[in-house]
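Please keep the sequence and the structure in view while reading.

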Amino acid sequence: MTGHAVSKRISYLGPEASFTHLAATKVFPGETLVPFTTIPECIEAVAEGSVDYAVVPLENALEGSVPLTVDYLFHEAQLYVTAEVLSSIEQHLLVHPENRNAESFEAIYSHPHALAQCHKYLFYTYKNTPLEQYSSTAAAAKMVSELPERNIAAIGNEFSAHKYGLDILQRDIHDFHFNHTRFFVLSKSDHKLTDPAHDDQIKTTLMITPPDDDRSGVLHQILSVFAWRRLNLSKIESRPLKTGLGDYFFIADVLAEEKDAMMRGAFEELAALGCTVKTLGSYYTYK
């Protein structure tokens with residue numbers, strides 16, 4: 001990609017042909033992509049310096065945030081978001097060619113989010129078929145390709161069907177057709193990836209821990225910090241702090257550069273309120 005003469009190594013949630021692999025390819029065409037089986041492994045690879053970047057799923061339009069990614073970035077890793085990638089998600093029912101004429105299956109395998117995204121189809125078409133969770137849609141497709149003797153199916157994308165030699169028994173089985181997933185591109189250094197493909201809108205992701213004095217109206221106070229400065233939040237949600245019931249932190253996306261004067265003022269006011277702020281940096285969106 002532009003500005004990268006030396007080949008980079010990028011970890012991603014694999015195996016090859018997963019949705020994360022497709023997102024990584026969009027930002028890093030021609031670079032060395034290294035698959036891992038779990039999100040923590042992808043993140044640890046860049047934290048330890050064995051790869052230059054990590055691409056991990058963050059949020060799905062239907063199923064919401066990926067808690068493992070959010071929590072690992074908050075509790076375990078000191079990394080920065082250098083870009084985000086938005087990818088449309090199309091789910092298909094995949095079978096081994098030897099089982100293309102099957103009317104029922106002993107089980108259907110996929111990532112938990114993919115199974116949830118296809119709930120209605122699976123309920124009405126394969127109501128009594130066990131649904132088995134797998135680490136990724138591509139891993140499920142690969143497994144089905146390796147077990148032709150078993151009458152099983154996978155849910156995954158078209159690329160994984162081609163990659164692993166599977167037939168698409170039914171296309172577009174997801175319940176809603178506006179389905180996108182958001183991926184983070186993570187690095188140890190705070191910088192922005194830039195390329196002609198990115199959106200011009202800049203975004204900053206903050207993780208805000210409120211004061212521990214259990215005061216009333218703290219969320220309103222936090223929101224007011226941004227509201228009167230006309231800093232637009234495109235997202236805010238809470239996640240458990242893992243310190244006790246009722247203890248939460250907030251993850252917020254602000255449509256502004258973290259170095260802007262208004263943002264610096266927001267950081268100062270949040271500190272005055274007793275909040276702790278962890279910034280994941282500012283970045284552009286690849287679509």
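A residue is called buried when its relative accessible area is under 20%. The model discussed here is predicted. By that cut-off, strand S3 is mostly covered, with 7 of its 8 residues buried.

S3 has several partners. Strand S1 (residues 9-13) runs parallel to S3, and 3 bridges join the two. Within this pairing, Ser11 has Ala54 of S3 as its bridge partner. S11 pairs with S3 in the antiparallel sense, over 6 bridges.

Why can S15 be described as largely enclosed by the rest of the structure? The reason is burial, because 8 of the 11 residues of S15 are buried. S15 also pairs with other strands. Strand S5 (residues 80-88) pairs with S15 in the parallel sense, and Val85 stands opposite Tyr286 of S15. Strand S12 (residues 203-209) runs antiparallel to S15, where Thr209 has Thr276 as its bridge partner.

The pairings are collected below.

| Strands | Sense | Bridges |
|---|---|---|
| S1 and S3 | parallel | 3 bridges |
| S3 and S11 | antiparallel | 6 bridges |
| S5 and S15 | parallel | 3 bridges |
| S12 and S15 | antiparallel | 6 bridges |

In soluble globular proteins, nonpolar side chains tend to be buried together. In this model the largest nonpolar core has 26 residues, of which Ile43, Val56, Phe184, Leu186 and Met207 touch the most other members. At least two residues of this core come from each of H2, S3, helix H3 (67-75), S11, strand S14 (248-254) and strand S15 (276-286). H2 gives the most, with 5 residues.

Leaving aside residues up to four places away in sequence, Val56 touches Thr20, Ile39, Cys42, Ile43, Thr69, Arg182, Phe183, Phe184 and Leu186. A second, separate core has 16 residues, among them Ile10, Tyr12, Ala23 and Ile89.

**The largest pocket**

The largest pocket holds about 360 Å³ of space. It is lined by 24 residues, and those closest to its centre are Leu13, Thr20, Pro57, His111 and His113. Helix H1 (19-27), helix H2 (39-47), strand S3 (53-60), helix H4 (112-117) and strand S11 (180-187) each supply at least two residues of the lining. The largest share, 3 residues, comes from H4.

Which classes of residue make up the lining of the largest pocket? By class, 11 residues are nonpolar and 13 are polar, while no charged residues are present.

**Links between these regions**

Thr137 lies in helix H6 (residues 137-146). Is this residue, Thr137, buried or exposed? Thr137 is buried because its relative accessible area, 5%, is under 20%. Not counting residues up to four places away in sequence, Thr137 touches Ser18, Phe19, Gln91, Ser110, His111, Ala114, Ile155 and Gly156.

Terms used
Residues are numbered from 1 along each chain as its sequence is written. This is a predicted model: local features need pLDDT of at least 70, side-chain atom pairs count only at pLDDT 80 or more; totals for chains, interfaces and linings use all residues. Side-chain values use heavy atoms; hydrogens and water are left out. On a 1 Å grid over the protein atoms alone, a cavity is a set of points where a 1.4 Å probe fits but cannot get out, and a pocket is an open set with protein on both sides within 12 Å along at least five of seven lines; lining residues have an atom within 4 Å of a point. Grid points are joined across faces, edges and corners, and a volume is the space filled by probe spheres set on the points. Helices (H or I, at least four residues) and strands (E, at least two) are DSSP runs, numbered from the N terminus. Ala, Val, Leu, Ile, Met, Phe, Trp, Tyr, Cys and Pro count as nonpolar, Asp, Glu, Lys and Arg as charged, and the others, Gly among them, as polar. Buried means under 20% relative accessible area, exposed over 50%, partly exposed in between (1.4 Å probe, protein chains only). Contact means heavy atoms within 4.5 Å. Two strands pair if DSSP finds at least two bridges between them. A nonpolar core is a set of buried Ala, Val, Leu, Ile, Met, Phe, Trp, Tyr and Cys residues joined through side-chain atoms within 4.5 Å.
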